[in-house]
Amino acid sequence: MKTGESIRLQTGKISSDGSAIARTPEGLVIFVPGALPGEDLDVRLSFRKKEYAIGSPEKIYMPSPRRTEPFCPLYGACGGCQLQHATYDLQRELKWSIVNDAFERIYKNPYPEISPCSGSPLEKNYRNKTSFPVGGRAGSAILGYYSRRSHDIVETARCPIMAKDVEEAPELFAYALRSSGLAPYNEKTGKGMIRHIILRYSFSTKDILVSIVTAKKASKEEKKLIIEKILPPLKATYENLRTMTLNYNPSRGNVIVGKNTETLCGDGIIEEDLGPFRFRYDTTAFFQVNPLQAVRLYEKAAEMASAEGNDPILELYSGIGSLTAFLCRHSSSVTAVEEWAPSVERMRENMEENGLSGKVRVAAGPVENHIRSFPKGFRTIVVDPPRTGCSREVLAGMMNLEPEKIVYVSCNPATLARDAGLLLEGGYEPVEICCFDMFPQTVHVESIALFRRKNT
């Protein structure tokens, strides 16, 4: 088959990017975004390589009984969501299958039955954060989300995935940017100034943090334009705008935020409640985007980590201490390791604010630097790494400490399954795996795996 040609196919499983997978009679694998498992349809090839192809649905002869109408008019053009065409119960089943498939393909050893995917309390209007890329020209800036598999910006007026109070923020931001006359950043040339606008919202306090990410440090004149042209319409619309910051990211590439942040108004902080705890965090900090579901995730991770005897816990990649606080309820103490300096500062503040300073020892710096220096004695290690998973050095360091169990929180089933195989080689086997839908309407899924040492 060649690009542009069509073929009638039946779809099988879902892929990790949300495409349904089909095969031609000759065995060519075709990924079909917008299709669902078990559908009979015509597929037109849009991209072809020797090993696989990508196609788009043309005519669906037998749609899935759980296919539904997307609620966002930009769905299909915008790449932010991948599963709005599936009912929510099907979305959860598909995410479970992605986790299960990762263990089947990558782990390749016996593993416990994975619990059904825990549904989110909110199916839309659940996000407390988004990052809008900015494009266009000075005076005619556009703002929105990238289209699927590209950096072409789909102009967005509102986003129904964002919290209800701020779902129309994109239109307001675009208006304010145009009135400022500041030039959007051009990825190809490296010229221009405004790269992203980050919005963070608190479900508990209703406060808002806005950060403008720029490609260079703003001059006095540029700051004046931001304060006089961008800030006033935001304040007029959002009385609960707590703070605005400038984040400087001069690097070329896909990283959104840089290391340096300057506060233009307010205190540079936003606060959110998770269960009985309140957390302060800033522009650059990691914080779960679905706070209502995050409570369930952290409670489950803390339950897995709990042990008789109220033993101390070692926690790696601790961020601002949100999971740390939940772990404190099940242990005598937590040693929390975090590299990002602003998050270390916030973690110390959060432990103090929640009355937990006496139970938490904060170890600042890369996990790789600390893992070799800890003495044995931690019966439980909790790890919540980035999407890339744990390095071999970190995994080896954890196993050298000989804990009885390891609780692994993951936002990437593939790297979790990969690391599970390395842990198995070191004598740790998974005894419980569960998953949580932290990101409804998207293909992303959060997982937790509990590993026990074989000889215990």
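**Entry 1: rings**

Is Y298 buried or exposed? I looked that up before anything else, keeping in mind that this is a predicted model. Y298 turns out to be buried, with a relative accessible area of 3%.

Next I searched the whole structure for aromatic pairs and found 14 of them. One of these is formed by F277 and F326. Their ring centres are 5.1 Å apart, and the planes make an angle of 70 degrees. I noted the pair as edge-to-face, because the cut-off for that label is an angle over 60 degrees.

Where do F277 and F326 lie? I found F277 in strand β14, residues 277-282, and F326 in helix α5, residues 322-328. The pair therefore ties together parts that are 49 residues apart in sequence.

I checked how covered these two residues are. F277 has a relative accessible area of 8%, so I wrote it down as buried. For F326 the value is 0%, and F326 is buried too.

Then I came back to Y298. It forms an aromatic pair with F326, with 5.7 Å from centre to centre and 50 degrees between the planes. This pair is tilted. Y298 sits in helix α4, which covers residues 291-305, while F326 belongs to helix α5.

Which residues do the ring pairs link into a cluster? My list reads F277, F279, Y281, F287, Y298 and F326.

**Entry 2: charges over rings**

I also looked for charged ends sitting over rings. The charged end of R8 is over the ring of Y61, 3.7 Å from the ring's centre. K124 has its charged end over the ring of F71, and here the distance to the centre is 4.8 Å.

**Entry 3: helix α8 and its surroundings**

I turned to helix α8 (residues 392-400) and helix α9 (residues 413-425). Their axes come within 10 Å and cross at roughly 40 degrees. That angle makes α8 oblique to α9. I noted the crossing as right-handed. Which residues make the contact? From α8 I listed R392, L395 and M399, and from α9 D419, L422 and L423.

I then asked which residues of α8 are buried. They are V394, L395, G397, M398 and M399.

Just after α8 I stopped at E402, which takes a positive phi of about 55 degrees.

**Entry 4: helix α1 against α9**

Helix α9 also packs with helix α1, residues 88-107. The angle is about 40 degrees, and the axes are 8 Å apart. I wrote "oblique" for α1 and α9, and "right-handed" for their crossing.

Which residues of α1 meet α9? I found I98, V99, A102, F103, I106 and Y107. On the α9 side, the residues they meet include P413, A414, L416 and A417.

**Entry 5: residues in loops**

D384 lies in the loop between β18 and α8. Is D384 buried or exposed? Its relative accessibility is 16%, so it counts as buried. I looked for contacts of D384, leaving aside neighbours within four places in sequence, and found L316, Y317 and V409. I also checked D384 against T87: the two are 297 residues apart in sequence and 30 Å apart in space, C-alpha to C-alpha.

Y317, from that contact list, was my next stop. I found Y317 in the loop between β15 and α5. Its phi is near 65 degrees, a positive value in a residue other than glycine.

R149 also has a positive phi, near 60 degrees, and is a residue other than glycine. I placed R149 in the loop between β7 (140-146) and β8 (153-155).

My last stop was N310, in the loop between α4 and β15. At 40% relative accessibility, N310 counts as partly exposed. What is N310 in contact with, leaving aside neighbours within four places in sequence? I found H330, S331 and S332. I also checked N310 against S333: they are 23 residues apart in sequence, and their C-alpha atoms are 8.4 Å apart in space.

Conventions: Residues are numbered from 1 along each chain as its sequence is written. This is a predicted model: local features need pLDDT of at least 70, side-chain atom pairs count only at pLDDT 80 or more; totals for chains, interfaces and linings use all residues. Side-chain values use heavy atoms; hydrogens and water are left out. Rings of Phe, Tyr and Trp (its six-membered ring) pair if their centres lie within 6.5 Å; planes under 30 degrees apart count as stacked, over 60 as edge-to-face and the rest as tilted. Helices (H or I, at least four residues) and strands (E, at least two) are DSSP runs, numbered from the N terminus. Buried means under 20% relative accessible area, exposed over 50%, partly exposed in between (1.4 Å probe, protein chains only). A charge sits over a ring if NZ of Lys or CZ of Arg is within 6 Å of the ring centre and within 35 degrees of the ring normal. Axes are lines fitted to C-alpha atoms, for helices over the stretch in contact, and angles run from 0 to 180 degrees between N-to-C directions. Angles under 35 degrees count as roughly parallel, over 145 as roughly antiparallel, 65 to 115 as roughly perpendicular and the rest as oblique. A crossing is left-handed if the near helix is turned anticlockwise from the far one by less than a right angle, and right-handed if clockwise. Contact means heavy atoms within 4.5 Å.
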